[in-house]
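Please examine the sequence and the model shown below.

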Amino acid sequence: ITARQLAGVVLKNALYAKSRGEYNKRRQRWVNAIPAEIKGVVRQAVVQTLQGEDHEARRTAASLLSKIAVIDILTESWPELLPSLLNIVQNGAKPLKLAALLALQYICEDLQTLDEDVSEATTDAIIGPVVQGMRDTSDPDVMCAAAKAFYPCVSLAGKHFENKQQRDWLINTIVQCA
């Protein structure tokens, strides 16, 4: 394990705990005790690592990014994250697309585990890049990573399945990937 990976794991563990009570304490510490400038530097470093050359560092960054993102999504304090991940899925090189989709998968899994209410706009911003990746027929690896990310997204997409047009669009996307 490299020093960068270890730093990512340590920071991730500083933000997340399996115990709901301990997790809430750590989340409040991130929200209230860490200055905005420091959070900005951490976010930028994580996104840069996610887009870096080292595969294992990207995986660690995706895991850390999800822990930060869940807190920031629920407090609406990192609005540029999801559009940034969409841009990577649309325009990034294959390794970057895979890393962004992995981060989105982890974000959905974490939101699902915490059973928090997520706004429809946030759900749309998460599902958009995942579906975009599922439609990337030029690369089966990207399609597979997007399909893996889509699975935990389904629990967030409940409102989409209530709307016939959106439900049909999602089902058609899944069928096209099969």
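A network of salt bridges links Lys94, Asp139 and Asp141. The coordinates belong to a predicted model.

The structure holds seven salt bridges. Another of them connects Lys97 with Asp136, with 3.0 Å between the closest N and O atoms. Here too distant parts of the chain are linked: Lys97 is in helix 6, Asp136 is in the loop between helix 7 and helix 8, and 39 residues separate them. Lys97 has a relative accessible area of 12% and is therefore buried, the limit being under 20%. Asp136 is likewise buried, with a relative accessible area of 13%.

The salt bridge between Lys164 and Asp168 has its closest N and O atoms 2.8 Å apart. Both residues lie in helix 10, which comprises residues 164-177, and they are four residues apart, about one turn of the helix. An α-helix has 3.6 residues a turn, so residues three or four places apart point the same way. Lys164 is exposed, with a relative accessible area of 52%, and Asp168 counts as partly exposed at 31%.

The overall fold may now be considered. The protein chain contains 10 helices and zero strands. Its C-alpha trace spans about 45 × 35 × 25 Å along the principal axes. For 178 residues, a compact globule would have a radius of gyration near 16 Å, and the chain agrees with this expectation because its own value is 16 Å. Buried residues make up 45% of the 178 residues. Of the contacts with a separation of 6 or more, 64% are between residues 24 or more positions apart.

What does the interior contain? The largest nonpolar core has 49 residues, and those with the most contacts inside it are Leu65, Ile68, Leu85, Ile107 and Ile126. At least two residues of this core come from each of helix 2 (20-33), helix 3 (36-50), helix 4 (55-74), helix 5 (81-91), helix 6 (94-114), helix 7 (120-134) and helix 8 (140-156). Helix 6 supplies the largest share of the core, 12 residues.

Leu111 lies in helix 6. Its relative accessibility is 1%, so it counts as buried. Leaving aside neighbours within four places in sequence, Leu111 is in contact with Val70, Leu74, Glu116, Val118, Ile126 and Leu156. Along the chain, Leu111 and Leu101 are 10 residues apart, and their C-alpha atoms are 15 Å apart in space.

Ile126, one of the residues with the most contacts inside the core, is among the buried residues of helix 7. Leaving aside neighbours within four places in sequence, Ile126 is in contact with Ile73, Leu82, Leu104, Ile107, Cys108, Leu111, Cys153 and Leu156. The buried residues of helix 7 also include Thr122, Thr123, Ile127, Pro129, Val130, Val131, Gly133 and Met134. Helix 7 has 15 residues, and the distance from its first C-alpha to its last is 20 Å, close to the 21 Å expected at 1.5 Å a residue.

Helix 2 has 14 residues and reaches 19 Å from its first C-alpha to its last, close to the 20 Å expected at 1.5 Å a residue. Which residues of helix 2 are buried? They are Tyr23, Arg26, Arg27 and Trp30. These residues lie on the same side of helix 2 because they cover an arc of only 100 degrees around the axis. Their cover includes helix 1 (3-15), helix 3, helix 4 and helix 6. The face of helix 2 turned away from its buried side carries the exposed residues Lys25, Asn32 and Ala33.

Terms used
Residues are numbered from 1 along each chain as its sequence is written. This is a predicted model: local features need pLDDT of at least 70, side-chain atom pairs count only at pLDDT 80 or more; totals for chains, interfaces and linings use all residues. Side-chain values use heavy atoms; hydrogens and water are left out. A nonpolar core is a set of buried Ala, Val, Leu, Ile, Met, Phe, Trp, Tyr and Cys residues joined through side-chain atoms within 4.5 Å. Buried means under 20% relative accessible area, exposed over 50%, partly exposed in between (1.4 Å probe, protein chains only). Contact means heavy atoms within 4.5 Å. The expected span of a helix is 1.5 Å times one less than its number of residues. A salt bridge is a side-chain nitrogen of Lys or Arg within 4 Å of a carboxyl oxygen of Asp or Glu. The arc is that of the directions from the helix axis to the C-beta atoms. The radius of gyration is taken over C-alpha atoms; the globule rule is 2.2 Å times the number of residues to the power 0.38.
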